[in-house]
Amino acid sequence: MHAPANAFHGRPRLPWFTLGLAALTAALYGLAGGTPSGLVYDRAAIEAGEVWRLVTGHLVHLDLHHLGYNLGALLALGIAYELAPFGGPRRLALHIFGVGGLAVTVTLLAVFPDTLRYCGLSAVLNTLYAALTLGLWKETREKIWLFALAANVAKIAWEAAFGPIFSAGLAWPPHLGAHVAGLLAGCLVALSGPSRISDEDPESLSQPEPANA
């Protein structure tokens, strides 16, 4: 008899990247408040050379409700991803927030030129959600993780048709195009390349590993 698959086996480790990013996001809100004019994604300012907004726009939020919702999701999803054997802090930083943030930013710049201002972490959290659920499915082959991913797709479709579910009342409505870009980036991250990167062995970053069955 085989033991049930456990997607979180291995020795415990501190999810330092998630905790650090959550602390940075909270600190930015504490210091700069909601919708800080010098940090949000502002297309005109970016075209004028204020390129830091391409990064800080993902880290600042409209108000305390917006911040709290995204911080809660970041902590839950980020800690789970860092503790999963296919995750870890370096993969979370480079493949999720690097690839996801780039995908969302490029989408805003190239596909939605009419989007003049934007802020918040939710689009990149869609990258994390997709990578986590698909990673757990690859690790365990349990269909519940595919249903979880499908539920997020259904949420985005519902919001496109009927309006926001969790973020109704925000001054700026959710940008569904950015959310879709983040979700697709997460699917790409999860389905391409090796499914694991060891955070204990630096050489594993450059050496291919066999894909899990």
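**Entry 1: the largest pocket**

A pocket here is an open set of points on a 1 Å grid over the protein atoms alone, with protein on both sides within 12 Å along at least five of seven lines, and lining residues have an atom within 4 Å of a point. The volume is the space filled by probe spheres set on the points, with grid points joined across faces, edges and corners. The model is a predicted one, in which local features need pLDDT of at least 70 and side-chain atom pairs count only at pLDDT 80 or more, while totals for chains, interfaces and linings use all residues. Residues are numbered from 1 along each chain as its sequence is written, and side-chain values use heavy atoms, with hydrogens and water left out.

I then listed the lining of the largest pocket: of its 25 residues, Tyr69, Asn70, Ser122, Lys155 and His179 are the closest to the centre. H4 gives the largest share of this lining, five residues. The elements that give two or more residues are H4, strand E2 (117–118), H6 and helix H7 (144–162). By class I noted 13 nonpolar, nine polar and three charged residues. Ala, Val, Leu, Ile, Met, Phe, Trp, Tyr, Cys and Pro count as nonpolar, Asp, Glu, Lys and Arg as charged, and the others, Gly among them, as polar. Helices (H or I, at least four residues) and strands (E, at least two) are DSSP runs, numbered from the N terminus.

**Entry 2: the second largest cavity**

I recorded two cavities of 30 Å³ or more in the structure. A cavity is a set of points where a 1.4 Å probe fits but cannot get out. For the second largest cavity I noted a volume of about 30 Å³. Its lining consists of Tyr41, Arg53, Leu54, Gly57, His58, Thr105, Leu108 and Tyr118. Helix H3 (53–56) and helix H5 (89–110) each supply at least two of the lining residues.

**Entry 3: Gly135**

I located Gly135 in helix H6 (residues 122–140). Gly135 counts as buried because its relative accessibility is 7%; buried means under 20% relative accessible area, exposed over 50%, and partly exposed in between (1.4 Å probe, protein chains only). Leaving aside neighbours within four places in sequence, I found Gly135 in contact with Phe86 and Ala190, contact meaning heavy atoms within 4.5 Å. The C-alpha atoms of Gly135 and Pro85 are separated by 9.3 Å, although the two residues are 50 apart along the chain.
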